[in-house]
Amino acid sequence: MYHCNECGYSSDGDSGFCIRCGSTKIVNFEQPVLPEGFEVVNTPNGLVAANMGVIKRVPIALFLAFVPGLFDIFGLGQIAMKKYLHGLVFLAASAVCVVIRFYGFLPQVYEYLPIIGIVLFVIQLVDLYKIIVKAVNPNRK
């Protein structure tokens with residue numbers, strides 16, 4: 001099997017150039033044996049073996065982090081990525097905000113709830129980004 005280093009196209013042909021982009025930077029390689037659920041994915045850093053189960057959960061996790069997060073419900077994206085402890089911590093913070101908002105506990109904090117909500121929203125998105133990067137590319141430090 002031949003692989004183009006320019007566009008990432010793989011083919012079985014022996015033409016000496018890429019039939020997609022015309023590049024002559026073609027490398028002959030054998031298809032590696034991958035564990036169940038993994039596929040070879042072309043990235044800017046070259047070919048990597050990616051867990052497709054994790055990659056399929058990423059859009060769901062982003063949706064569950066962003067949309068409910070707009071309504072001060074945090075941690076669902078982390079739970080979708082199977083980081084349950086992270087998700088439960090953010091859900092507990094959400095519960096505290098709800099109790100303060102609707103039951104009137106700690107009236108001195110009530111005026112700061114929108115700022116606290118924005119801070120929690122940003123922190124959960126940064127945490128989810130780190131989880132996704134580590135899950136998609138486990139070799140990255």
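## Helix packing and loop residues in a predicted model

D72 lies in the loop between α1 and α2. The model discussed here is predicted.

Reader: Is D72 buried or exposed?
Author: D72 sits in the loop between α1 and α2. Its relative accessible area is 15%. The cut-off for buried is under 20%. D72 is therefore buried.

Reader: What is the phi of D72?
Author: Most residues other than glycine have a negative phi. D72 is not a glycine, yet its phi is positive. The value is about 60 degrees.

Reader: Which residue in the loop between α2 and α3 can be named, and what is its phi?
Author: The residue in that loop is K82. K82 is not glycine, but its phi is positive. That phi is near 65 degrees.

Reader: What pattern does the protein chain follow along the sequence?
Author: The chain has 5 helices and 5 strands. Read along the sequence, the pattern is β-β-β-β-β-α-α-α-α-α.

Reader: What share of the residues in the protein chain is buried?
Author: The chain has 141 residues. Buried means under 20% relative accessible area. By that cut-off, the buried share is 25%.

Reader: Among contacts between residues at least 6 apart in sequence, what share joins residues at least 24 apart?
Author: A contact needs heavy atoms within 4.5 Å. Of the contacts between residues at least 6 apart in sequence, the share joining residues at least 24 apart is 37%.

Reader: How far apart are the end C-alpha atoms of α1?
Author: Helix α1 covers residues 52-66, which is 15 residues. At 1.5 Å a residue, the helix should span 21 Å. The model agrees, with the end C-alpha atoms apart by 22 Å.

Reader: Where does α1 bend, and which proline follows?
Author: The bend in α1 is about 30 degrees, at V58. Within four residues comes the proline, P59.

Reader: Which elements do the buried residues of α1 pack against?
Author: The buried residues of α1 are M52, V54, V58, A61 and A65. V58 is also the site of the bend. The packing partners of these buried residues are β4 (38-43), β5 (46-51), α2 (76-80) and α5 (113-136).

Reader: How are α1 and α5 oriented to each other?
Author: The axes of α1 and α5 are 11 Å apart, at an angle of about 180 degrees. Angles over 145 count as roughly antiparallel. That makes the pair roughly antiparallel.

Reader: Which residues of α5 meet α1, and how many residues in that contact are charged?
Author: From α1 come V54, I55, V58, A61, L62, A65 and F66. They meet F121, Q124, L125, L128, I132, A135 and V136 in α5. By class, the contact has 13 nonpolar residues, 1 polar and no charged ones.

Reader: Which elements do the buried residues of α5 pack against?
Author: In α5, the buried residues are L113, G117, L120, F121, Q124, D127, L128, I131 and I132. They pack against α1, α2, α3 and α4 (107-110).

Reader: How are α3 and α5 oriented?
Author: Helix α3 covers residues 84-103. Its axis and that of α5 come within 11 Å and cross at roughly 170 degrees. The two helices are therefore roughly antiparallel.

Reader: How many charged residues are in the contact of α3 with α5?
Author: In α3, the contact uses H86, F90, A93, C97, I100 and R101. In α5, it uses L113, I116, L120, I123, Q124, D127 and I131. By class, the contact has 9 nonpolar residues, 2 polar and, among the charged, 2.

Reader: Which residues does I116 touch, leaving out those up to four places away in sequence?
Author: I116 is in helix α5. It is partly exposed, with a relative accessible area of 30%. The C-alpha atoms of I116 and C97 are separated by 8.4 Å, across 19 residues of chain. I116 touches C97 and V109.

Reader: How far apart are the C-alpha atoms of T43 and G8?
Author: T43 is in strand β4. Its relative accessible area is 25%, so T43 is partly exposed. T43 and G8 are 35 residues apart along the chain. Their C-alpha atoms are separated by 8.6 Å.

Definitions and conventions
Residues are numbered from 1 along each chain as its sequence is written. This is a predicted model: local features need pLDDT of at least 70, side-chain atom pairs count only at pLDDT 80 or more; totals for chains, interfaces and linings use all residues. Side-chain values use heavy atoms; hydrogens and water are left out. The expected span of a helix is 1.5 Å times one less than its number of residues. The bend at a residue is the angle between axes fitted to the seven residues ending there and the seven starting there. Buried means under 20% relative accessible area, exposed over 50%, partly exposed in between (1.4 Å probe, protein chains only). Axes are lines fitted to C-alpha atoms, for helices over the stretch in contact, and angles run from 0 to 180 degrees between N-to-C directions. Angles under 35 degrees count as roughly parallel, over 145 as roughly antiparallel, 65 to 115 as roughly perpendicular and the rest as oblique. Ala, Val, Leu, Ile, Met, Phe, Trp, Tyr, Cys and Pro count as nonpolar, Asp, Glu, Lys and Arg as charged, and the others, Gly among them, as polar.
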